[in-house]
Amino acid sequence: MVAKKTLAFLLSASLVLGMCPLPRVAYATETIAGEGQLDSLVLVNDDAESTEADTEEGISLEVPVDDVTQIEEVTDDISVDDDAVQVLDESEAPLSTQSDDDSTPEGEFVSPEPTVWQQSDAALPSKFDLRDRGVVTPVKSQDPWGDCWAHAAIAAAETSILTAMGSTYAKTGLDLSERHLAWYVTSLVPETVSKSQAGEGLIMYNTAAGANHVFDFGGREQCAATLFAQGIGPMPESEYPNRGANGTLASADLAANKEAYIQQRIQAYKDTYWYYNDTQLRTIAESEYSQYVRRYQQYDAYSPLDDWSITESDEPGSGRLKGSAYTLTDNNVFNYWASLNDDGVLDPEFHFHKQPLYATTSSALWQDSIDQLKTEIYEGRGIAVGVTISNTYLNTDTWSQYDPMRKNAASHEVCIVGWDDDYDASNFTETPPGNGAWIVKNSWGSETDAVAGGLTASDGTTKDAHGGDWGIEDENGKHTGYFYLSYYDGTIVVPESFSFSIEPNNDQRDALQLDFLPASVAEFFHVDENPTWEANVFTLEKDMRIDEVAARIRLTDEAPFQGFTCKFDLYKLRDGATKPDDGKLVSTVTRTFQMEGYHRTALDAPVYLKAGDRLGIVVQQTHIADDGVTLYGFEAQECDGYRTLHSDPVYGTAIVNEGESFYNIQGITDKDESSNDGWLDVMAPLTQEMLLHFKPDLANSPNLLDYYITNYVGKPMQDFFNIDNFGIKAFGEQASLKHVSAVAPTCDKAGSVEYWRDSKTGVTYADENGTKVLKSTTKAALGHKWGKATYKWSKSNSTCTATRTCTRNKAHKQTAKAKVTSKVTKSPTAAKAGVRTYTATFSASWAKKQTKTAAFSSLGIPVVLARAHVQNKGWTPYIASGKVVGSTGKSRRMKAFRIKIDNAKVSGGIEYRGHVQGIGWEKTWSRDGKMSGAQGKAKRVEAVQIRLYGQMAKTYDVYYRVHSQNYGWMGWAKNGAKAGTSGKSLRAEAMQIVLVAKGAKAPANTYKGVKRTYAKAFV
């Protein structure tokens, strides 16, 4: 392609598909003779070719009309294409998709066991069939409606979803609703969905035909894409089954309500075929009725007279946007691969949009386009594609079709699930230029797929399903509902696939969108070399976290369609902003997509907005052409307010308000080619300059130009082109960022940084715009900074407690108790205190061992107690230390004595002996109170020896003296020395005993009032 500075507006009515009901019979003029006299009517299905014979495949019926009144001349416009044929079953299904295990009821899902298929780097195989993976659902029957487009789209969606699950139909029983999808094509947007866009959408013009007529009006593949992109489905078949409210069967219902059916069909055809009078229309309807009664005797269907409508509800979780478990993420629209120029000659640079209505032959393919489609299939996605199935070119022996006529249109839609490069060209009725065919799943029933095996009426009656005699036969001669379609078939248009997310809670997400017009009418398509932008502005009704954006991409007529870059800039608009980029840029994301279509992508970081904020999303789509020129453009749905889809007129209403959608063409809307500040609202008045920019050919047609200037210049551009808002969307969830102030950490408690937390997910961010995720918001506790430990002993020194205080917070203390041991490190004496050392040992590592010494009292001087047995007196009481024991001045002898120590603090004691009259010194020493002397023997004690033993001897000295006859009080003796007399026959009358500290001085000569009279202690 050589890129040119051009604009294009494409009306895509030629791509309208799906007008192919199974039992619905339209009519065609086969023979017109004379002056407009209708000799006969040949009744066929909406996509059927006229035939002269009543066939099982076509079930056409030639009806004599000799009595029909003359009809006005019929122009070529009302004749049905001679190549359009009704065929009533499916193509080949070599492998059944029905599980051998009948335990999974229809419509009930089980948890899949993932099996992941990944494309290898190896070349694509020459033959491939998705049924071998188990991801193709059973063939269904669209009977009794002409909603083949919905069946093809749902078939492609089911396969894509099973692939995304990593599972199979046999394990999941996945079954999605065609009825739900078809109904919402002509269901206008209610206020509960969008206040600003309420009333937008398609609506049947022929409302007298009844609500069920929406299932018959046809559609095209993009219907499903735009509806899925809006969040409408796909929904489970169990919630919206392909039957009327009462579940009545056609065989019984039509038989009981013949006139009601005929009147319904008359109304259905009245507005489309206005050139027939009521009598002629009745003849058609009666013939159709007879044909259907006969058909339903063989293959039944659910009744078209039943109520098939879906009741809207304003209740949450119901109605138009009832949440689906699957979210459309990508919709790839493929170009096709065989092209002829205006002379019928193959031209690889010539796109099918520019091909003539009828071409003659095709001898080559765009192989890269074929490979793109194969790759999509190999990656696990079915392809919905438009075709025209023709009795002329359908070979029912091999169930294969090659139509060489390039019609640039199609009357039916099917789903491609595989291919065979070696499928022989000789298998077709007319030989194509080469081998190769697609393996195609139809929607006209099957004898092999169990899901089409029976219909259950409301009364419990079960009958055979419709469509048992169409499509490739299996080894048992059963028709599968599949067929082969030549790579070179000339009726193929706009292949399309779907990719879905199966992540949980996608049905809880909110969408910001302004384009609710289904893609069923026309297309506004602009391509330019000038940098171009499109934008939508949304006003938020709630706090939201935006994390995904989406747009429809359409940029070129060249082939192959591939390599498109889409840049999304998100702006939080300032108050009073009138342009979609007048505010703060809060996010930018650029993605490249292989194919055109609808694409949804995640932002690199979420954007948080509050209720009342306005969000501007600016999109720039670019594509580099073969010659290296960069193309820019945008696309929107176009609707003139009234269009005819197939045979049924519909209204298309696009609701566009000022300030919603904008476009900008640098150098055109903005004269300064260095900027992009030339935003125009699609509701802005159309200028003559812009008129010529969009329609440059008007410059060569002055009269037509004057007409447009007179009628459209100065009026909103949207009025002229009747376009909807741009297909730019944003997705997210109701959420807000809650600000959390910083908290300083303390010694023992962690703090936190300043942060913002998502109210729903709990994700935390470092900024109020949510651009930087924080893995952690906490600041670690500071830890204690301990001062020097202090120690406290108890009064008794039996315990010691260590305490340390944090210098950061004096209220924070730690204590530890020690194990205390003690040891006498200095023994006490009689006169001096002793010393005890205490040692405190701690288990806490921070507390150090402590020692403490403490003095304890001296031993002191124990009390020496002594008593004597005195002549004529007996035993005296014990007399304390230093006092006189015995008697003086009475000439009485001391016959015996006892000595002991009281209150001793050391071990040991006192021992003593006497020198007894007639005995001398006692041989043994008496101790501690034992008697010494000769009590009862009238013998006197003449002298004594007293000493200490044990520790007492080491601690003390003992002094003692005797009062002796004739001598009186003698001198002091100590520590065992002799005191008294010996050999002089003198009695000892009394004695004094004194205990002193070791080494202390002897008592004074005069002691306790007793004065010494004789110096020596012993004589």
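With which residue does Glu733 form a salt bridge, and how far apart are the closest N and O atoms? The partner is Lys760, and the closest N and O atoms are 3.3 Å apart. The structure is a predicted model, in which local features need pLDDT of at least 70 and side-chain atom pairs count only at pLDDT 80 or more, while totals for chains, interfaces and linings use all residues. Residues are numbered from 1 along each chain as its sequence is written, and side-chain values use heavy atoms, with hydrogens and water left out.

**Salt bridges**

- A salt bridge is a side-chain nitrogen of Lys or Arg within 4 Å of a carboxyl oxygen of Asp or Glu; the whole structure holds 28 of them.
- The bridge between Glu733 and Lys760 links distant parts of the chain, with Glu733 in strand E29 and Lys760 in the loop between strand E32 (755–758) and strand E33 (764–765), 27 residues apart.
- Salt bridges with shared partners join Arg545, Asp547, Glu733, Asp758 and Lys760 into one network.
- Glu733 also meets Arg545 in a salt bridge of 2.3 Å, N to O.
- Elsewhere, Lys374 and Asp421 form a salt bridge of 2.5 Å, N to O; Lys374 belongs to helix H8 (residues 367–378), and Asp421 lies in a loop 47 residues apart from Lys374.
- Helices (H or I, at least four residues) and strands (E, at least two) are DSSP runs, numbered from the N terminus.

**Burial of the partners**

- Buried means under 20% relative accessible area, exposed over 50%, and partly exposed in between (1.4 Å probe, protein chains only).
- Glu733 counts as buried because its relative accessibility is 11%, and Arg545 is buried at 6%.
- Lys760, in contrast, is partly exposed, with a relative accessible area of 47%.
- Lys374 is buried at 3%, whereas Asp421 is partly exposed at 23%.

**A three-stranded sheet**

- Three strands form an open antiparallel sheet in the order E35-E36-E37; two strands pair if DSSP finds at least two bridges between them.
- The edge strands, each pairing on one side only, are E35 (790–793) and E37 (813–817).
- Four bridges join E35 to E36, and one of the pairs is Trp793 with Cys800.
- Five bridges join E36 (residues 800–805) to E37, among them Thr801 with Lys817 and Thr805 with Lys813.
- The hairpin of E35 and E36 has six residues between the strands, and Asn797 there takes a positive phi near 60°.
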